[in-house]
Amino acid sequence: YHYGLKDLVTILFYIFIAIILHAVVQEYILDKINRRLHLSKVKHSKFNESGQLVAFHLTSVIWCLYVVVTEGYISNPRSLWENYPHVYLPFQVKFFYLCQLAYWLHALPELYFQKVRKEEIPRQLRCIALYLVHIAGAYLLNLTRLGLILLLLQYLAEFFFHMARLVYFTDENNEKLFNVWAVVFVVTRLFTLTLYILVIGFGLPRVENQALDPERGNFFSFLFNNILFRMSVLLLVCLFQASVMWRFIHFQLRRWREYWNEQ
């Protein structure tokens, strides 16, 4: 399988499926828990957001781990760049990417359905846009193998973060999971940056000189796999990861300062 215009119809179908599943999780799980906790309006909104994302991230981590193990991407790291571009995809890889795109696109109308506060909308739009750009970029540039590993790392860190928030809402004195998330976050950032450098900086140059073959579907990957474009992407990735780590460190320092002030 490879990508094409028919993917848009498939994605549209799974957007409706995602909206239905979102409503089921909300009504039969999160709303029942919310009625027992008696949370404030602000916490109620954050609890719903984290509850939905915990379900999604846990499902995605298990699914993604199954795909990368069965396809042998972990046991053979060279497969991340060997025979690039990876134009033809196994069914489970293509299906995973289409479902991921459908989920993050379904999050746009959910901003209206969930009646998200206006001040929260810009933050959520940035998050949705970043996921869509990265997932669609990996899909169109035939970097699906690298994208699977990176999504696995990202979703693992996000799962612990939102799980920690759910626990915190039920017991404000319980912040142990935030410490676990902090460790997982730093480790996943280091692995993410290492993989980018390994694949884009060292792996792809070995398969750089390939002829353009539009019928094969390597147009985007042909434009991408040159030293100027690769180094530009690598520089942007490093700057982005550095900014994420800076915000994380700033957040942790503020938490520790507040903790010592309370003590």
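How many salt bridges does a search of the whole structure find? The search finds six salt bridges, a salt bridge being a side-chain nitrogen of Lys or Arg within 4 Å of a carboxyl oxygen of Asp or Glu. One of these joins the side chains of E49 and R165, with an N to O distance of 3.5 Å. E49 belongs to helix α2 and R165 to helix α5 (residues 144–170), and the pair links distant parts of the chain, 116 residues apart.

The model is predicted, and local features need pLDDT of at least 70, side-chain atom pairs count only at pLDDT 80 or more, and totals for chains, interfaces and linings use all residues. Residues are numbered from 1 along each chain as its sequence is written, and side-chain values use heavy atoms, with hydrogens and water left out.

Helices (H or I, at least four residues) are DSSP runs numbered from the N terminus. Axes are lines fitted to C-alpha atoms over the stretch in contact, and angles run from 0 to 180 degrees between N-to-C directions. Angles under 35 degrees count as roughly parallel, over 145 as roughly antiparallel, 65 to 115 as roughly perpendicular and the rest as oblique. A crossing is left-handed if the near helix is turned anticlockwise from the far one by less than a right angle, and right-handed if clockwise.

The axes of α6 (residues 176–203) and α8 (residues 227–262) come within 10 Å and cross at roughly 170 degrees; the two helices are therefore roughly antiparallel. Their crossing is left-handed. The residues of this contact comprise 18 nonpolar, five polar and three charged, where Ala, Val, Leu, Ile, Met, Phe, Trp, Tyr, Cys and Pro count as nonpolar, Asp, Glu, Lys and Arg as charged, and the others, Gly among them, as polar.

Helix α4 (residues 121–140) packs against α5 at about 155 degrees, with the axes 8 Å apart, so this pair is also roughly antiparallel. The crossing of α4 and α5 is left-handed. For α1 and α2, the angle is about 135 degrees and the axes lie 10 Å apart, which makes α1 oblique to α2. This crossing is right-handed.

The lining of the second largest pocket receives at least two residues from each of α1 (6–37), α2 (41–70) and α3 (91–113). By class, this lining has eleven nonpolar, five polar and no charged residues.
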